[in-house]
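Here are my notes on the model you sent over.

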Amino acid sequence: MTLPPLAYHAIVGFIVLNVVVGMVTYVTLLERKFAARMQSRIGPYYVGPHGLLQPIADALKLMLKEDIVPTSADRWIYNLAPIVFLVPCILIFATLPFAPGLGVADLNIGVLFFLAVSSLEIVGLFMGGWGSNNKYALLSAMRAVNQIISYDLPFVFAAFVPVVLTGSLQMSAIVDAQRGLWFVAYPVIGQLAFVAYLVATLAAENRVPFDILEAESELVAGFRVEYSGMKFALIQLGEYAHMIGTSFLGALLFLGGWLGPGAETPLVGALWFLLKAMLIFLVVTWVRWSFVRIRVDQILAISWKLLLPATVVLLLAAAGWVAVRGPHVA
Amino acid sequence: MADTLQRSTVEIGYGGSERLTMNMGPQHPSAHGVFRAVLTLEGETVVAVDAVIGYLHRCHEKLAETLTYVQYPSIASKTDYVSAMTVELAYVAVVELVGKIDVPKRAQYLRLICAELQRIASHCLWLGTWCMDMGGALGGGATIFLYAIRERELVLDLFESLTGARLLYGFHQVGGTRYDLPAGWEQKCRETLSVIEQRLDEYEAMLEDNAFFLVRTQGVGVISRELAESVGVAGPLLRGSGVAYDLRTAAPYSSYGEFDVRVPVETAGDCYARYRVRMAEFRESIRLVRTALDGLPEGPISSRPGVKSVGQVRIPKGEGYSRIEGARGEVGCYLVADGGAKPYRLKWRGASFSNLAVLPHIIPGHKIADVVAIMGSVDPVFGEVDR
């Protein structure tokens with residue numbers, strides 16, 4: 001029996017959605033445990049063995065919390081913002097193959113789709129900041145627009161280096177091209193692009209040292225200061241989904257995706273992919289818990305004066321290289 | 001808003017036209033207690049700031065008039081609850097000054113040891129909270145905070161085994177100290193100091209090799225030497241602006257004259273200079289405690305008999321002022337005695353209070369993110385500001 005394509009995609013999409021939500025829940029625990037070890041603490045411990053049920057307890061708590069809408073908020077915008085924020089963050093997984101043939105859709109413009117959709121989150125973010133009618137939230141929304149516009153460009157340029165080297169926007173084709181050599185090991189261009197990608201990822205995910213839009217010591221909680229309960233949970237979910245999504249993309253573009261011993265079996269391949277993505281996630285987390293936040297003008301200066309020119313040069317170099325030597329084939 | 005603009009002392013010109021008045025505090029993650037800063041913003045730039053204090057006023061000076069000289073030291077410690085030893089010392093010092101009461105040598109050394117340990121503990125808290133202001137409770141700042149608090153706990157453990165209390169000690173009494181060192185305390189103290197000394201190197205490596213920390217602190221919130229002297233800031237702020245003034249050498253008390261106190265001075269006057277001064281003070285305090293432990297004389301710890309009734313200390317009519325170099329600067333206590341068992345009038349001078357007065361001069365022109373960095377570098381304790 002074969003399912004009609006629509007039903008097949010709906011089922012796969014449903015599974016992927018749930019996997020993503022589950023991953024978000026447990027990635028928070030991973031981060032908390034990792035941060036705790038860095039800070040000579042233990043971290044969540046009491047809910048379940050070694051705190052393994054802590055994320056579930058947290059999710060339940062957020063669901064049960066009272067949902068407060070400030071009286072002066074713009075109700076429509078305020079209520080819609082978490083959903084508008086969440087949808088693109090989840091949608092980025094639509095074109096992400098977890099292993100050969102294991103994914104919702106392996107589009108021939110997969111990378112482009114991913115990058116385009118992921119930058120849509122700014123709309124929800126700005127709606128939340130504006131609709132809350134709170135000065136902290138407004139300032140945070142202003143910062144968000146500044147920062148995300150500045151960092152999306154280097155982010156895209158860095159992510160396009162492997163695309164140029166492969167000559168394809170299809171994610172599975174990019175992975176196949178890395179069969180012999182991961183792009184992170186590609187001489188000079190690969191390493192520089194990977195570093196640029198990591199820095200731009202930090203900024204695009206609003207993580208310390210680039211978390212000026214959350215900036216809880218200045219703006220309390222930034223654009224989500226007025227959100228509580230399930231709406232807050234949705235924003236948090238979206239943020240972490242975005243973070244995991246970019247980690248997966250980084251692993252796919254630079255670390256060879258699902259390639260590894262025994263990767264012919266889809267599940268083993270998916271496991272490799274997950275491990276590599278978590279490696280990137282932990283590097284990002286490591287940076288987060290060891291740096292202080294930098295100022296808004298300094299963040300913009302880093303982007304426009306350093307990262308953007310550097311990534312443009314890198315992309316041109318990669319293009320020149322490919323023009324001379326032809327695309328990289330495994 | 002009009003009121004705000006009139007009351008602020010410094011305002012810079014700015015090309016924009018739309019202004020936003022934002023209350024930072026009294027309930028705010030970086031309020032360091034209950035500080036309220038009314039910021040006037042143009043975009044991200046602060047053009048005027050109005051500092052509002054008084055949210056933690058607890059009538060400490062009036063309270064002193066209702067409590068006897070025996071009772072009050074443990075209340076005095078609640079004015080600056082982050083360095084309780086220092087304020088207790090300021091109070092008993094002024095009572096001893098007015099009452100012309102001698103303090104045995106051993107008690108003076110014990111007071112010095114506690115004051116310097118307290119400075120270490122207080123600076124630990126400052127380092128942690130300041131980094132948390134800049135780095136966020138969900139970022140690298142929290143990491144430094146937890147490290148610093150870990151070291152502060154070691155000092156508090158020492159105080160606990162000495163006095164039985166961890167925050168507000170009641171260690172000092174008129175004429176000496178209440179407790180002598182328990183057995184093994186000296187050894188434990190030396191071990192703690194070596195641990196902290198070692199960890200200080202780690203902090204410095206973590207912070208000073210970090211470009212992001214440097215760009216957040218260098219050149220931010222510059223207090224010029226002239227400004228520092230005219231506003232009357234004290235402690236690390238003053239020494240960070242190039243003035244080598246420390247009461248431990250300028251007006252020695254409690255045997256400080258017998259020690260070679262080295263006063264760290266930086267000339268830049270920015271947040272980083274204040275950071276450097278405090279880091280040097282950490283090491284200086286460690287050295288002083290070690291020297292004092294080496295030369296700790298034997299003898300009684302108090303020139304007065306043990307406390308039997310709360311009214312047993314009576315001070316003859318007179319008045320006087322004592323000054324102590326606390327962790328945040330000059331802690332002063334002015335006492336008017338009328339011959340009874342209670343002060344007629346008591347006045348506190350808190351270093352945090354005079355240090356806060358510099359904020360309206362240095363904040364305008366900075367970004368919002370710098371406001372919290374500057375606030376943290378001033379290291380205010382609001383118990384001491386509002387009293």
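1. What pattern does chain A follow when read along the sequence? The answer is α-α-α-α-α-α-α-α-α-α-α. In other words, the secondary structure of chain A comes to 11 helices and 0 strands. Please keep in mind throughout that this is a predicted model.

2. Next, the overall form of chain A. Its C-alpha atoms fill a box of roughly 60 × 55 × 45 Å along the principal axes. A compact globule with 330 residues would have a radius of gyration near 20 Å, and chain A agrees, because its own value is 20 Å. Of the 330 residues in chain A, 49% count as buried.

3. Now turn to chain B, which has 16 helices and 8 strands. The radius of gyration of chain B is 21 Å, close to the 21 Å that the globule rule gives for 387 residues, so chain B is as compact as a globular protein of that length. Its C-alpha trace spans about 70 × 45 × 35 Å along the principal axes. Of its 387 residues, 51% count as buried. For chain B, residues 24 or more positions apart make up 71% of the contacts with a separation of 6 or more.

4. Strand E7(B) has a partner on the E6(B) side. Strand E6 of chain B (residues 318–326) runs antiparallel to E7(B), and 9 bridges join the two. The two strands form a hairpin with 2 residues between them. To trace the pairing yourself, find Glu325(B), which stands opposite Glu330(B) in E7(B). Then find Ser322(B), whose bridge partner in E7(B) is Cys333(B).

5. E7(B) also pairs with strand E8 of chain B (residues 343–349), again in the antiparallel sense, over 6 bridges. Here Leu335(B) has Leu346(B) as its bridge partner in E8(B). This pair is a hairpin too, with 5 residues between the strands. Look in the turn for Gly339(B), which has a positive phi of about 95°.

6. Asn133(A) has a positive phi, near 55°, and sits in the loop between helix H5 (121–131) and helix H6 (135–166) of chain A. Because 16 other C-beta atoms lie within 10 Å, Asn133(A) is partly exposed. In chain B, Ser255(B) has a positive phi of about 70°. Ser255(B) lies in the loop between helix H11 (247–250) and helix H12 (271–294) of chain B. It counts as partly exposed, with 18 C-beta neighbours inside 10 Å.

7. How do the chains meet? In total, 31 residues of chain B are in contact with 24 residues of chain A. On the chain B side, strand E1 (20–24) and helices H5 (105–135), H6 (140–163), H8 (211–217) and H15 (368–378) each supply at least two residues. H6(B) gives the most, with 6 residues. By class, this side of chain B has 16 nonpolar, 9 polar and 6 charged residues.

8. Finally, the interior. In soluble globular proteins, nonpolar side chains tend to be buried together. The largest nonpolar core here has 214 residues, and Ala159(A), Ala200(A) and Val371(B) touch the most other members. H6(A) gives the most to this core, with 18 residues. Leaving aside residues up to four places away in sequence, Val371(B) touches Met24(B), Ala37(B), Leu39(B), Val46(B), Ile363(B) and His366(B).

Notes. Residues are numbered from 1 along each chain as its sequence is written. Chains are lettered from A and ligands numbered from 1 in the order in which they are written. This is a predicted model: local features need pLDDT of at least 70, side-chain atom pairs count only at pLDDT 80 or more; totals for chains, interfaces and linings use all residues. Two strands pair if DSSP finds at least two bridges between them. Helices (H or I, at least four residues) and strands (E, at least two) are DSSP runs, numbered from the N terminus. Two residues are in contact if their C-beta atoms, placed from the backbone, lie within 7 Å. Ala, Val, Leu, Ile, Met, Phe, Trp, Tyr, Cys and Pro count as nonpolar, Asp, Glu, Lys and Arg as charged, and the others, Gly among them, as polar. The radius of gyration is taken over C-alpha atoms; the globule rule is 2.2 Å times the number of residues to the power 0.38. A residue is buried if 20 or more other C-beta atoms lie within 10 Å of its own, exposed if 12 or fewer, and partly exposed in between; C-beta atoms are placed from the backbone. A nonpolar core is a set of buried Ala, Val, Leu, Ile, Met, Phe, Trp, Tyr and Cys residues joined through C-beta atoms within 7 Å.
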